[in-house]
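Have a look, then read on.

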Amino acid sequence: MNLTKAEILFNQQINRRYWHMKISIPGWDVQDVKPGQFFHIRTVDHVNPLLRRPFSIYRINEKDNTLEFLYLVKGAGTKKLAERQPNQLLDIFGPVGTSFTITEGSKGILLVARGVGIATLSALAFAAGQKGIPCYAILSARSRDDILVEKELQQAGIRTFVVTDEEKTSDPAFVRGLAEEIILRHSIDAVYTCGSRRLSRLMKELSAQYGLFAEIALEEHMGCAMGACFACVCDVVENDEIRTIRICQDGPVLPLQKVVLN
Ligand SMILES: Cc1cc2nc3c(=O)[nH]c(=O)nc-3n(C[C@H](O)[C@H](O)[C@H](O)COP(=O)(O)OP(=O)(O)OC[C@H]3O[C@@H](n4cnc5c(N)ncnc54)[C@H](O)[C@@H]3O)c2cc1C
């Protein structure tokens, strides 16, 4: 983990609510960054907002040694981040946290992501694609306009399935049918999820039912991202006992079966 300054290469709006940022970090090798990990970023150079904001890595580009993020403009921090300009320096801390497990020789993996969870799972999808692992992705959002990077995923050979609230296809009952069909038809042996409690609960059920390896990337309010402030806790079950862990230290990627999803 490092505290350093990255150079903003671009920072642009890609649709009504989401932005796309690319950075380079002088003196760094992006090969050290793994899908699922995140950076804790200061959105401004002055004091307000004081706290850093966590963002998952959307894309790790080994060719030009750069990193990309996708983010939803929500509140004070992300509004300020969207104002940052190319060539400015960005104060970043990371990479932080655990990464996804990609099993060599996997027959097929299924990703189930909602909203900006698509950014987090995209890094995994690109990495699996490079290893020649067949990858299928169910992308969920409020509307088609909110579906991120579908074209980029398809260009990387990932088969995508879009479900939306607007089209009334995003409810767990519909997604269950779709996910089961993909699991059975394509010999899926691992599932990964991010961005929705409802869909994570569904994938927890399905991964238990079909005996699949399963991981979740959790997103919670985060303070220091160094394990000191205990802002980002969640409960896990280990040896039949409930234990509280810090997502920044023990996550954000965790075995799905362990996580208590209320
Ligand atoms: C490990 C991790 C990875 C993440 N990766 C991404 C990413 O790739 N792209 C992205 O757009 N967002 C990501 N997030 C969420 C992102 O950090 C928050 O949206 C951001 O901090 C909001 O900051 P803000 O100042 O704009 O909003 P605030 O003014 O702080 O809050 C706006 C709204 O967002 C909620 N919120 C604030 N912080 C979080 C949080 N950490 N998690 C969930 N809800 C929050 C608040 O309750 C409020 O309703 C990630 C969060 C975590 C923990």
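Which ring does the charged end of Arg 59 sit over?

1. That ring belongs to Phe 126, and the charged end of Arg 59 is 3.9 Å from its centre. Keep in mind throughout that this is a predicted model.

2. On to rings that pair with each other. With centres counted as paired within 6.5 Å, the total is six aromatic pairs. Take Phe 39 and Phe 69: their planes stand at 90° and their centres are 6.0 Å apart, so this pair is edge-to-face.

3. Where do Phe 39 and Phe 69 sit along the chain? Phe 39 is in strand E3 (residues 38–41) and Phe 69 is in strand E6 (residues 66–72), so their pairing ties together parts 30 residues apart in sequence. Both Phe 39 and Phe 69 are buried, and together with Trp 28 they form one aromatic cluster.

4. Now for the nonpolar cores. The largest one has 36 residues, and those with the most contacts inside it are Leu 110, Ile 138, Ile 182, Ile 188 and Met 203. Helix H4 (residues 172–185) supplies the largest share of this core, with five residues.

5. Leaving aside residues up to four places away in sequence, Ile 188 touches Gly 108, Ile 109, Leu 110, Tyr 136, Ile 182, Ile 183 and Leu 212.

6. There is also another core, lying apart from the largest one. This other core has 32 residues, including Leu 111, Ala 113, Val 116 and Ala 137.

Note on methods. Residues numbered from 1 in each chain as written. Predicted model: local features only at pLDDT ≥ 70, side-chain atom pairs only at ≥ 80, totals over all residues. Heavy atoms only, no water. Phe/Tyr/Trp six-rings, centres within 6.5 Å; stacked < 30°, edge-to-face > 60°. Helix = DSSP H or I, 4+ residues; strand = E, 2+ residues; numbered from the N terminus. Buried < 20%, exposed > 50% of the residue type's maximum accessible area, 1.4 Å probe, protein only. Lys NZ or Arg CZ within 6 Å of the ring centre and 35° of its normal. Core = buried A, V, L, I, M, F, W, Y, C linked by side-chain atoms within 4.5 Å. Contact = heavy atoms within 4.5 Å.
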